[in-house]
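Dear colleague,

Please find below the structure that I am handing over to you. My notes on its backbone and its ligand follow.

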Amino acid sequence: MMLLTSGQVSMAISSGIVFIFTLVLFLSGYVLQQRTVHSLQAAIKPRLPKPLPAPEPIAPPALNVKWARPMGGRPEPDEGLEQFMAEQKLNWNQLGYVQMVRDPEELCSAVMLLGDLHGARSPAKKILLFPRPWVKEAEDESWDPQRDTTRRLLRTAALRYGVVLMPMKPIVDGADDSLPSSYSLASLYLLTDYERIISLQGPGLLLDASALDSLLAFSKSEPMAAYPATPDRKDLSTNLLLVHPSAETYRQLKESRSSQPMTDLDLFRQSFSVPESLISQWSLSIGNLIYESTRLRDAIDGFNATVFEEATAYVRFSDPEIPGPEYDIPYFEKAAIRPKNNEARAVWEGLYEKFRQRRMEVCGLDLEVWSKPMLEPEMSESNDVEDL
Ligand SMILES: *[C@@H]1O[C@H](CO)[C@@H](O)[C@H](O)[C@H]1NC(C)=O
């Protein structure tokens, strides 16, 4: 007969617990790894019979085969692919990336993004839509540092990055053209010289243009294919819009917007039905076309920075506690919100730092000063409770 001392019993129990935890950890690691392996396989091995035939000579770079699948509501990806490709007349002069800015503060990150697309040798056109008064000679051209910076950045965009400058009018006739709120993303639909355009919401950083080039090149022309706001595809977001410009759609949007003031998001949600006006699930499954920086906080063990950077086309800065990457955030503020996972944190910090550097290189601008807004009393209380 064996008698266990209480010490042995608790030892046995605790080693049992350790064993179970180790097993759980192992299993979750295994599942994660399998998932990563599967998504990697999906990313590097598209189910194509052979490399894509180029329907017409394509300006450099050749599209990355990993992304090169036709987009749009095609239920059977591989069926009739070659025919679909053959029918595609790729004219890069009719495909473009558009940045619409309505406030001078947004101009630098718009120019940065178009500059990064230029640097990535995207063959599509780069277009900048901005309020017409920015280039109108005022009666008294007294010294105005803001206006000088605006004009300097417009010149940089055109001369250094070959950006097409498109002044726009307010969406509602007779609206005050000096107010940012008078302008709308609906103006994208006026760019009828283009067959398809992509609008990305800034501020963000481009990691890989080829995924977006492929989306632009191999999609069907539809009035609207928007990035879904949530994975359940119940709403559209304006993070990424793939648009076929048409005067008729513009007229409808202008009419809705003239009837009552509303945000672009509300205007588009009211005007386009989901899920028909969303980018297809299948197009999204090839990788992270858009990744919101705040999601890096959800990264769990097994997050791999290399894999992330290879599979992500564009990161939008979206951390709600801070106003944006244009601002100089005190170290302790950043430390409080940065991701806990080591690899994800390095990516997150690297993105903010790269944005800061590009801002200086492209726009010659330093970070803006930011002072943290005072918290509401109830809000700080609820934070305390959560901390406990
Ligand atoms: C991340 O993935 C890359 C490529 O698959 C691999 O070479 C690297 O070792 C991984 N890094 C870590 C920390 O697991």
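**Findings**

R233 is buried, with a relative accessible area of 16% (buried means under 20% relative accessible area, with a 1.4 Å probe and protein chains only). R233 has a positive phi near 60 degrees, although this residue is not a glycine. R233 is found in the loop between β6 (224–228) and β7 (236–243); helices (H or I, at least four residues) and strands (E, at least two) are DSSP runs, numbered from the N terminus.

This is a predicted model, in which local features need pLDDT of at least 70 and side-chain atom pairs count only at pLDDT 80 or more, while totals for chains, interfaces and linings use all residues. Residues are numbered from 1 along each chain as its sequence is written, and side-chain values use heavy atoms, with hydrogens and water left out.

R121, also not a glycine, has a positive phi of about 60 degrees. Its place is the loop between α3 (104–119) and β2 (125–131).

Two cis peptide bonds may be of interest to you. One joins G202 and P203, with omega about -10 degrees; P203 lies in the loop between β4 (196–200) and β5 (204–206). Another joins V274 and P275, with omega about 0 degrees, and P275 is in the loop between α7 (264–271) and α8 (281–284).

Around the ligand are N304, V307 and E343, each with a heavy atom within 4 Å of the ligand. An N or O atom in the side chain of N304 is 2.3 Å from an oxygen atom of the ligand. The protein covers 32% of the 360 Å² of accessible area that the ligand has on its own (Shrake-Rupley method, 1.4 Å probe).

With kind regards

Key
Buried < 20%, exposed > 50% of the residue type's maximum accessible area, 1.4 Å probe, protein only. Polar contact = N/O pair within 3.5 Å; in protein donor to acceptor, adjacent residues only side chain to side chain.
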